[in-house]
Amino acid sequence: MYDPTVARLTYRALLGRRRALVLGALPLLLIVISVAVRLLTGADDQVAADVLGGFALATMVPIIGVIAGTGAIGPEIDDGSVVYLLSKPLKRPTIIFTKLIVAVAVTMVFSALPTLIAGLILNGNGQQVAVAYTVAALVASIAYSALFLLLGTVSRHAVVFGLVYALVWEALFGSLVSGARTLSVQQWSLAVAHKVVGSNLITSDVGLPAATALLIVVTVAATWYAGQRLRALTLAGEE
Amino acid sequence: MAVDQPVPTAPAPSGDQSRIHDIGYRGYDGPRLGRAYARRSLYSQSLRGAYGLGRSAKSKVLPMLLFAVMCVPAAIMVAVAVTTKAHDLPVPYSRYAIIMQAVISLFVASQAPQSVSRDLRFKTVPLYFSRPIETADYVLAKFAALASALFILTGGPLIVLFVGSLLAKMGVAHQSEKFGQGLVTVALLSLLFAGIGLVIAAVTPRRGFGIAAVIAVMTISYGAVSTLQAIADSRDNSGSVPWIGLFSPVTLIDGVQSALLGGTSSFPGGVGPSTGEGFVYLIVVLGLIAASYGLLLRRYKKVGL
């Protein structure tokens, strides 16, 4: 199910040249902000939870997920070079699974790791806030990668639709319509974080069993359907 | 060419064996429309392209959807104001665009790369410059086109609000003044967002990457600045709130409109910058617009060759 050559090519496509710079700039900004906040306010559990929840998990993880998830397959389909990959004797689901592993790994390294560092800077992991948000970021990385990898195989405008989901649906509608919050990766991962932290410092609109079930269902279903999409892929010309 | 090097011993073809046949091509002797016409065409083509006109049906979906999303809340506010016979609009004109900043950022992020990245990727930029236009014309046309598209996007809902306020018989003079201030705000916003979006998009030939980079700069900086402002405000450090606001495009425009154009601020605590600080904001905004134009010129001096 895992092909090292495809993985190597995907890593190079994701991290080669200037892409790594943008991917690296966001975590760097998070760490700069946490240093600034720590100097401004001192260690405070509530502030740490606000920064990590409002900036790391709500903004940074989805955007890294969009870049890594769609970037793992989108550009190849876009410029047509995916035919060289598809013409090799590899199962299409294998290609998708390998790309998913790479996207998950990249998202985790560039979002969960900085979240942990930022959490340690902000309040030295008081009340387990840093670990809780890191676990949430790890869980969210898997779901986001699978979801945006699927988007990459479905649409040529995957980046835009991914960002619309992450920014408009989760942030805008999520704050206006409470029903939208039940269907958001962010809330599902917050449910996991709530379990880790064990207090009401981090809250979620979804219960843990439902959140876990939804996370697993979304990840598996998205990966399976992406494999199906790739089996029936038609290459369109440049519009 | 290298393969067809004539062997030194073979006799070179003599001149009288090769001739040029006149097969009847004719030169063009009609009117030449010139540089200004080419610039105007590039402008209108880019402006139409930003809304997907003249492109495939699929590429019309997103810009039209975003335009509708911009206008619908304005229409709802107007409907509510008319039925409840309110004396003023629930949201001031100049603040409307600040509230809808996510939609505007998405529009810039999706349309700025559309406008310039593909020219870079398919290496069509030198073809433009083989026409009578210069680097400055290309940059000016693309900049003006995206700024105009943004002005339509942000000005449209203001017109809805203004017409609605007239229908609801709110004071005409007062509403016109506020409407004018709102238009100045969105004009500044359009220029600033277009400049930032184009500079980022012109660096990369990859469309998807351009989109992500633009949205990262717009949204992440706003998220970061708002978080810092909220923390500074809650720690009774509200003197630093306006200075933090200088670091993201959305809060820059928010500061200008609340300090100089009679709007209300979305800053935490509802206190915007003072008039003096407002001028600093204005200078930074104008400086950023000029800088992005200069950067684009420099970028296309190189790419055009």
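Mentor: A crossing is called left-handed if the near helix is turned anticlockwise from the far one by less than a right angle, and right-handed if clockwise. Please keep in mind that this is a predicted model.

Trainee: Which hand does the crossing of α7(B) and α8(B) have?

Mentor: The crossing of α7(B) past α8(B) is right-handed.

Trainee: At what angle do the axes of those two helices of chain B cross?

Mentor: The axes of α7 (residues 172-201) and α8 (residues 207-234) of chain B cross at roughly 140 degrees and come within 9 Å. α7(B) is therefore oblique to α8(B).

Trainee: Which residues meet there?

Mentor: From α7(B), Ile196(B), Gly197(B), Ile200(B) and Ala201(B) meet Gly210(B), Ala213(B), Val214(B) and Val217(B) of α8(B). In this contact of α7(B) with α8(B), 6 residues are nonpolar, 2 are polar and none is charged.

Trainee: Which residues of chain B does UniProt annotate as "transmembrane region"?

Mentor: The unreviewed UniProt entry gives that annotation to residues 61-81, 93-112, 143-167, 179-203, 209-231 and 279-297 of chain B. Residues 61-81 of chain B are 100% helix, with end C-alpha atoms 30 Å apart. Residues 279-297 of chain B are also 100% helix, and there the end C-alpha atoms are 27 Å apart.

Trainee: Changing topic, where is Leu183(A)?

Mentor: Leu183(A) sits in the loop between α9 (178-182) and α10 (185-197) of chain A.

Trainee: Why does Leu183(A) count as partly exposed?

Mentor: Leu183(A) counts as partly exposed because it has 15 C-beta neighbours inside 10 Å.

Methods: Residues are numbered from 1 along each chain as its sequence is written. Chains are lettered from A and ligands numbered from 1 in the order in which they are written. This is a predicted model: local features need pLDDT of at least 70, side-chain atom pairs count only at pLDDT 80 or more; totals for chains, interfaces and linings use all residues. Helices (H or I, at least four residues) and strands (E, at least two) are DSSP runs, numbered from the N terminus. A residue is buried if 20 or more other C-beta atoms lie within 10 Å of its own, exposed if 12 or fewer, and partly exposed in between; C-beta atoms are placed from the backbone. UniProt positions are given in the numbering used here, feature names are shortened, and annotations may be inferred rather than shown by experiment. Axes are lines fitted to C-alpha atoms, for helices over the stretch in contact, and angles run from 0 to 180 degrees between N-to-C directions. Angles under 35 degrees count as roughly parallel, over 145 as roughly antiparallel, 65 to 115 as roughly perpendicular and the rest as oblique. Two residues are in contact if their C-beta atoms, placed from the backbone, lie within 7 Å. Ala, Val, Leu, Ile, Met, Phe, Trp, Tyr, Cys and Pro count as nonpolar, Asp, Glu, Lys and Arg as charged, and the others, Gly among them, as polar.
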